[in-house]
Amino acid sequence: MSKLIKKLSSLRFTITLICLLGVMFIIGLWVPQKSLVKELYLQWHKNSPQLVSFLDFLGLTTVYTSPITVTLWFFFFLNLSLVIWQRIPLVRYRISLSEKMIVDPERAAGYSFSTSFPLPQGVGGENVIAVLRKKHFTVLGNADGFYAVKNRLSPLAFLIFHLSFFLILLGGVISVYTEFIGYLDLAQGETFRGEPGRYNASPRPKLPSFGGLPDATFTVKSIEPHVIGNTPTSIDVRLLDGRGGSHTVGINIPYKTGDSSFVFKHLGVAPLLVLKDAAGATLAENYIKLDVLQRKPDRFSLAGCNFTATFYPDYMLEQGKRASRSMEFNNPVFFISVERGGKKIGEGIIPKNGSLNFAGFRLEMHEMPYWVRFYVVKQRGLPVLYTGFALATVGVIWRLLFFKRELLGAVRGSGGARHLLVAGRSEYYKKLAEDEFMELFHNILGKGGTVS
Amino acid sequence: MAFWEIIFYWVTLVIYSLAAGGFIYSFVFKNPRVLPRITLLVTSGFIAHTSTILARFQATGHLPWSGHYEYVLMGGWFIIAGTIFVGWQNKSLQGLAVATVPLVIIMMGYGYMQNPGLTPMAASLKTVWLYIHVYFAWISFGAYALAMSAGVLYLLKSKSDLLPVPNPAYEKYPSLDRLDELIFRYVVFGFITDTIMICAGAIWAKDLWGSYWAWDPVETWSLISWLIYGITIHLRVTFKWREKRLAWLAVAAMSTVIICFFGVNLVVNTSLHIFQVR
């Protein structure tokens with residue numbers, strides 16, 4: 001049993017696990033993943049059904065949640081727990097402070113740096129100790145023999161850094177099991193009251209294992225996109241919540257309420273289209289949400305007619321062909337193609353507040369507001385996760401930048417001259433620590449030390 | 001590209017190329033006397049590099065944040081800034097430019113072939129997290145590049161020391177013991193800033209994309225790179241990997257960073273980290 005624990009807690013095992021996890025991640029980059037690139041995956045499945053089925057069986061098309069990866073993570077955290085548990089006594093020992101640490105610098109074991117400095121007139125061991133204290137060393141003893149340590153508690157940061165992994169894991173697990181994800185398309189003027197049926201059917205909303213759906217009520221008051229050339233520079237979506245509070249949503253600025261976030265994901269236009277017959281009677285009238293800003297056509301139907309709409313935000317004719325000068329909304333125009341009963345019955349341009357006549361019908365565009373797609377996500381556990389991030393950052397900085405330095409010193413006199421004998425050591429570094437210690441004592445005592 | 005930007009860009013490339021040529025001359029002809037002049041060249045190149053960034057800033061109204069061209073322009077600036085800073089602090093470290101300067105030349109050449117057009121600041125980049133995430137990414141890139149450079153210098157110097165008459169060009173550089181520790185020091189610094197970069201990126205991703213971790217190719221590769229450097233630190237501290245093994249590790253680990261910054265988007269087009277304006 002102890003052999004097994006020793007093996008499970010070894011650093012060799014940690015490195016093996018990390019390498020295997022790395023291999024799994026690399027597989028995830030090369031093998032199309034069902035959850036990330038579904039269309040690509042389906043296409044691939046169609047082309048090579050046997051290969052993909054085999055990879056499915058091995059879990060390599062859902063590699064990040066496959067049983068192999070989960071097992072590796074399990075052993076990783078088991079290994080981490082054992083390592084932390086075994087290191088606690090060592091950490092306690094390393095941060096301890098006692099008079100026993102005051103040893104003769106000439107005979108101290110494990111101190112790679114050893115020097116002797118002649119003490120100038122008027123400078124005693126107590127002065128050296130006072131300066132060391134000023135330089136944030138904790139000093140035990142006196143001029144006859146002292147032990148000084150800087151960043152004594154640094155080994156604690158080892159625990160903080162590695163424990164932060166557990167917080168990140170915990171936050172991640174809580175998030176996964178309480179997670180709701182859905183897409184919500186809302187046009188200017190529309191109100192959302194948290195109705196589950198309002199979420200887009202495709203992709204299907206992900207329901208949480210624990211907890212409810214986002215509880216939010218708001219109305220989209222205005223949507224203002226800003227584009228320079230072909231670069232979207234900002235978008236301002238103004239919401240009015242159920243209590244009358246105003247919120248502005250933009251890229252990087254989600255609307256947050258409780259544990260839910262409404263993240264701006266996509267923009268489209270929702271023109272008010274009115275279809276009239278030859279006599280001018282209205283046959284149909286509706287705001288149509290069109291997903292046309294990626295320069296792809298979109299389809300809609302009105303009164304039995306099927307329309308295909310292509311959008312040109314800054315319309316121009318280039319060598320006789322329809323084009324857009326930029327993505328700026330300077331001259332928004334739709335090119336509409338109409339079919340009825342499988343036959344094309346008309347096509348043409350319809351500008352904002354303009355109309356298109358075809359086959360005895362008239363299609364009018366009265367206004368052209370926008371619609372937005374929100375990525376709605378609700379998950380608990382983020383505070384735990386972020387605490388994990390904060391502790392990881394603090395831990396790694398503390399442990400690796402503020403590492404421990406130890407000094408032993410004693411003033412000795414021979415033939416009327418007095419010398420300060422010093423021995424020193426540092427975590428991680430030997431030669432660079434020697435440079436640091438030499439500089440420290442040169443600053444305190446002036447030059448003249450000899451390293452042995 | 002703006003007019004003055006083009007001028008300074010080429011001036012920078014020419015000066016850096018001269019500096020790289022100077023290093024080759026110094027090593028091949030065993031002449032250490034030219035090294036101070038090379039440092040002067042690198043510093044002049046850095047001034048021209050800074051001027052390129054300022055010229056672009058004047059034209060676009062923002063620092064270069066987006067697109068491969070801007071990314072290498074700024075990333076290269078951080079690498080050279082780090083090289084000059086450590087060389088200024090310790091003269092014997094001026095030789096680290098032997099690997100960082102050629103790396104920056106290749107990066108800038110690659111960037112020039114991408115999308116150097118002037119573009120306004122994309123909406124997705126208008127957040128305070130950009131500064132934290134991207135700056136720390138560049139700083140870690142710079143630190144890892146310095147670790148790689150110290151590794152290259154270590155390997156060259158240790159090879160030279162085996163010769164009956166060691167190449168005097170290496171005399172001005174730190175001793176092998178110190179180079180060995182410097183590799184570790186730069187790896188440690190890079191690892192700290194890498195950790196901050198990943199944490200900040202996750203928080204930014206939550207607001208921008210709605211998910212703090214989405215196994216995006218660049219995210220995943222940055223995790224792989226972080227794990228590799230984490231292993232490097234453990235191998236050094238616990239298994240006492242030193243000298244040539246550590247030097248080779250620092251050089252090899254740099255490839256994961258280069259793949260993360262440039263390689264992933266060459267082979268995968270599904271990343272949200274497109275380093276492009278959208």
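Two strands are taken to pair if DSSP finds at least two bridges between them. Strands (E, at least two residues) and helices (H or I, at least four) are DSSP runs numbered from the N terminus. By these criteria, four bridges join β19 (residues 355–358) of chain A to β20 (residues 361–367) of chain A, and the two strands run antiparallel.

This is a predicted model, in which local features need pLDDT of at least 70 and side-chain atom pairs count only at pLDDT 80 or more, while totals for chains, interfaces and linings use all residues. Residues are numbered from 1 along each chain as its sequence is written, and chains are lettered from A and ligands numbered from 1 in the order in which they are written.

**Strand pairing in chain A**

β19(A) and β20(A) form a hairpin with two residues between them, and A:Ala359 in the turn has a positive phi of about 40°. Within this pair, A:Asn357 stands opposite A:Arg362 in β20(A).

| Strand of chain A | Partner strand of chain A | Bridges | Bridge partners |
|---|---|---|---|
| β14 (residues 305–312) | β17 (residues 333–340) | seven | A:Asn306 and A:Glu339 |

**Domains**

Chain A is divided into domain 1 (2–93), domain 2 (100–152 + 404–451), domain 3 (176–267 + 373–388) and domain 4 (272–369), with bounds from an automatic or database domain assignment. The C-alpha centres of domain 2 and domain 4 of chain A lie 84 Å apart.

**Contact between chains A and B**

The contact takes 39 residues from chain A and 40 residues from chain B, where two residues are in contact if their C-beta atoms, placed from the backbone, lie within 7 Å. Elements of chain A that each supply at least two residues to the side touching chain B include α2 (11–30), β7 (231–241) and α9 (431–445). α8(A) gives the most to that side, with nine residues.
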